[in-house]
Amino acid sequence: MGNYSRSLVRHLQLLHPEHEYHLFTPKAIHSKETDYFFNKDKFTIHIPSSKNPLWRTFGMAKAVNNLNPDIFHGLSHEIPFGIEKHIKTVVTFHDLIYEIYPHQFGWWDRNMYRLKYRSASYRTQFITAVSESTKRDLVNLYQILPDKIQVLYQSCGDAFQHIESCQSKYPLPEHIQDYYLYVGSIIERKGLLTIIKAYVQLPEKYKKPFVVVGKGNNAYFDLIMDTIRLNKLEDFIYFINDISNHDLVHLYDNAFCLIYPSVYEGFGIPVIEALFRKKPVITSDISSLPEAGGPGAILINPHDSETLQQAIAQLHESNTYQQLANNGYLYVKNRFSAEVTTEALNNYYLKITRK
């Protein structure tokens, strides 16, 4: 959500400098990713005068009311309590995973999300959802009227959208070349174990190395490692815990494809990152993944390792591979580029200011 917010706000200002932008945050830290926002000619940053853990939920409203903006946009599920009713409010919902997979969250987090986010969905005048899938969840789980929700797709980082290959190069071992790629947290719903089981079933001629980009430190990760050791795959599978976007671009560019059989995503950013790099994707036929993958993806049952194995084999048919790569790139360029998604949001802002 941090990447989403920074990319969205940055492109709004770049493409529409005629607007005035105010950023509300509990703290402002200088870094390579945030330095752009400290330009006082472009943004005004509002932070609390003292530490207050409830400022974002309760204290921020006073500063918003004093500013009296045309629109207040909560970029990640939340609207502060106490914003005056004449101020038009928008809230973006990325997913309702805390409702669909509550066991993945601690008791406190799960219930706080329900309290704050469900309340925000009722109190705000307008909602944007990052996918049709998330919109359906809002309608079905929170009984929000469909007309209140506008689907506005998100983009990915600029580094992935520049088709020229990145100069940065992640130092992979020499035997890890022309590999399958997985990008995401190593948690149960994202399906890495299903990939490992499918890999075991692959004919030898299709057993390329496999690079996993993501962190895991739980019982599921232990099960992954046990399965790798049991099938003697230690030399085939390479794990990367942390990586910059520029190095990740290089990994996409040198991969054979992305494999991402998640059972639930609000949108599925790695899918469009891969397609922007002209790499085909194998992903799930449920949740938001068909929206993200479009004609650049082979869709499979994420619970079935055999169909995943068959999809990997299918990608080795030359016509299938190139067709997916070309069609997928055109699909994300025309639908999820920063320019397209920013214009859609700006047009939405203009529309609701007239209501």
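**Close-up views of a predicted model**

**Figure 1. Surroundings of helix 5 in the predicted model**. The buried residues of helix 5 pack against helix 3 (97–100), helix 4 (107–123) and helix 11 (289–293), as well as against strand 4 (88–93), strand 5 (126–129) and strand 6 (149–151). Helix 5 spans residues 132–142, and its buried residues are Ser133, Thr134, Lys135, Asp137, Leu138 and Tyr142. Gln143 follows helix 5 and has a positive phi, near 55°.

**Figure 2. Helix 8 and its buried face**. Helix 8 comprises twelve residues, 219–230. From the first C-alpha to the last, helix 8 reaches 16 Å, close to the 16 Å expected at 1.5 Å a residue. Tyr220, Phe221, Ile224, Thr227 and Ile228 of this helix are buried. Viewed down the axis of helix 8, the buried residues fall within an arc of 120° and so line one face of the helix. In general, an α-helix has 3.6 residues a turn, so residues three or four places apart point the same way. The cover over the buried residues of helix 8 includes helix 7 (192–201) and strand 9 (237–240). On the face turned away from the buried side, helix 8 carries the exposed residues Ala219 and Leu230.

**Figure 3. Leu193 and Thr194 in helix 7**. Leu193 lies in helix 7 and counts as buried, at 12% relative accessibility. Apart from neighbours within four places in sequence, Leu193 is in contact with Tyr220, Leu223, Ile224 and Thr227. Between Leu193 and His303, which are 110 residues apart in sequence, the C-alpha to C-alpha separation is 9.8 Å. Thr194 also lies in helix 7 and is likewise buried, its relative accessible area being 16%. When residues up to four places away in sequence are not counted, Thr194 touches Pro302, Asp304, Ser305 and Leu308.

**Figure 4. Packing of helix 1 with helix 14**. Two packed helices are described by the angle between their axes and the distance between the axes. The axes of helix 1 (residues 2–15) and helix 14 (residues 338–353) come within 10 Å and cross at roughly 80°. Helix 1 is therefore roughly perpendicular to helix 14. Leu8, His11, Leu12 and Leu15 make the contact from helix 1, while helix 14 contributes Ala338, Glu339, Thr342, Glu343, Leu345, Asn346 and Tyr349. Classed by residue type, the contact of helix 1 with helix 14 has six nonpolar, three polar and two charged residues.

**Figure 5. Packing of helix 13 with helix 14**. The axes of helix 13 and helix 14 come within 5 Å and cross at roughly 30°. This crossing makes helix 13 roughly parallel to helix 14. Helix 13 meets Ala338, Val340 and Thr341 of helix 14 through Lys333, Asn334, Arg335 and Phe336. By class, the contact of helix 13 with helix 14 has three nonpolar, two polar and two charged residues. Ala338 of helix 14 also takes part in the contact with helix 1.

**Figure 6. Arg335 in helix 13**. Arg335 belongs to helix 13, which covers residues 318–336. Its relative accessibility is 36%, and Arg335 therefore counts as partly exposed. With neighbours within four places in sequence left aside, Arg335 is in contact with Tyr153, Val340 and Thr341. Arg335 and Glu84 are 251 residues apart along the chain, and their C-alpha atoms are separated by 35 Å.

**Figure 7. Positive phi values at Lys278 and Ser287**. Lys278 is placed in the loop between helix 10 (269–276) and strand 11 (281–284). Its phi is near 60°, a positive value in a residue other than glycine. Lys278 is partly exposed, with a relative accessible area of 37%. Ser287 is found in the loop between strand 11 and helix 11. The phi of Ser287 is positive and near 60°, again in a residue other than glycine. Ser287 is buried, with a relative accessible area of 17%.

Technical notes
Residues numbered from 1 in each chain as written. Predicted model: local features only at pLDDT ≥ 70, side-chain atom pairs only at ≥ 80, totals over all residues. Heavy atoms only, no water. Axes fitted to C-alpha atoms, helices over the stretch in contact; angles between N-to-C directions. Helix = DSSP H or I, 4+ residues; strand = E, 2+ residues; numbered from the N terminus. Parallel < 35°, antiparallel > 145°, perpendicular 65-115°, else oblique. Contact = heavy atoms within 4.5 Å. Nonpolar A, V, L, I, M, F, W, Y, C, P; charged D, E, K, R; others polar. Expected span 1.5 Å × (residues − 1). Buried < 20%, exposed > 50% of the residue type's maximum accessible area, 1.4 Å probe, protein only. Arc of directions from axis to C-beta.
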